[in-house]
Amino acid sequence: MTDFLFIFRRDENEIPKLSPEEMQADTQKWIDWISGIAAQGKLNNRGNRLERTGKVVRANGMVTDGPFMELKEAIGGYIVVTTETIDEAVELAKGCPVYGYGGNVEVRAIKTL
């Protein structure tokens, strides 16, 4: 079994303004999708949403505000799943609600040392 990181990317400018009821319905889609993965015994870490701002630390010690707004896509969150193959992980990622607002899921194997 291999752990795979799902990185949720989206264009922050393309996310529609939602009413409280719409936000609740959108959140429920995420809960249902992640719960479905957990019910299969494939959810390793439920992850979290990420704040829109942060800091970038460079090798020379320079610290800047980030992520950079000129980038079209921003990372909105992540989860970790455990599957036999990357193809199985990709199949799980296909149900992600992020596609509803133009986002995508990057699927990466976690290399253990």
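These exercises walk through a predicted model, in which local features need pLDDT of at least 70, side-chain atom pairs count only at pLDDT 80 or more, and totals for chains, interfaces and linings use all residues. Residues are numbered from 1 along each chain as its sequence is written, and side-chain values use heavy atoms, with hydrogens and water left out.

**Exercise 1. Work out the strand order of the open four-stranded sheet and find which strands stand at its edges.**

Step 1. Strands are DSSP runs of E with at least two residues, helices are runs of H or I with at least four, and both are numbered from the N terminus; two strands pair if DSSP finds at least two bridges between them.

Step 2. With these terms, the order reads E2-E5-E1-E6, and the pairing is antiparallel.

Step 3. Strand E2 (43-49) and strand E6 (104-109) each have a single partner strand, so they are the edges, and one side of each is left without a neighbour in the sheet.

Step 4. Inside the sheet, strand E1 (residues 2-10) and strand E5 (residues 74-83) are joined by nine bridges, and Phe-4 has Val-81 in E5 as its bridge partner.

**Exercise 2. Describe the largest nonpolar core and say which element gives it the largest share.**

Step 1. A nonpolar core is a set of buried Ala, Val, Leu, Ile, Met, Phe, Trp, Tyr and Cys residues joined through side-chain atoms within 4.5 Å, where buried means under 20% relative accessible area, exposed over 50% and partly exposed in between (1.4 Å probe, protein chains only).

Step 2. The largest such core has 17 residues, and those with the most contacts inside it include Phe-6, Trp-33 and Val-105.

Step 3. At least two core residues come from each of E1, helix H1 (20-39), E5, helix H2 (86-93) and E6, while H1 supplies the largest share, four residues.

**Exercise 3. Explain what the salt bridge of Lys-42 with Glu-88 ties together.**

Step 1. A salt bridge is a side-chain nitrogen of Lys or Arg within 4 Å of a carboxyl oxygen of Asp or Glu, and the structure holds four of them.

Step 2. In the pair of Lys-42 and Glu-88, the closest N and O atoms are 2.4 Å apart.

Step 3. Because Lys-42 lies in the loop between H1 and E2 and Glu-88 in helix H2, the pair ties together parts that are 46 residues apart in sequence.

Step 4. Lys-42 is buried at 17% relative accessible area, whereas Glu-88, at 23%, is partly exposed.
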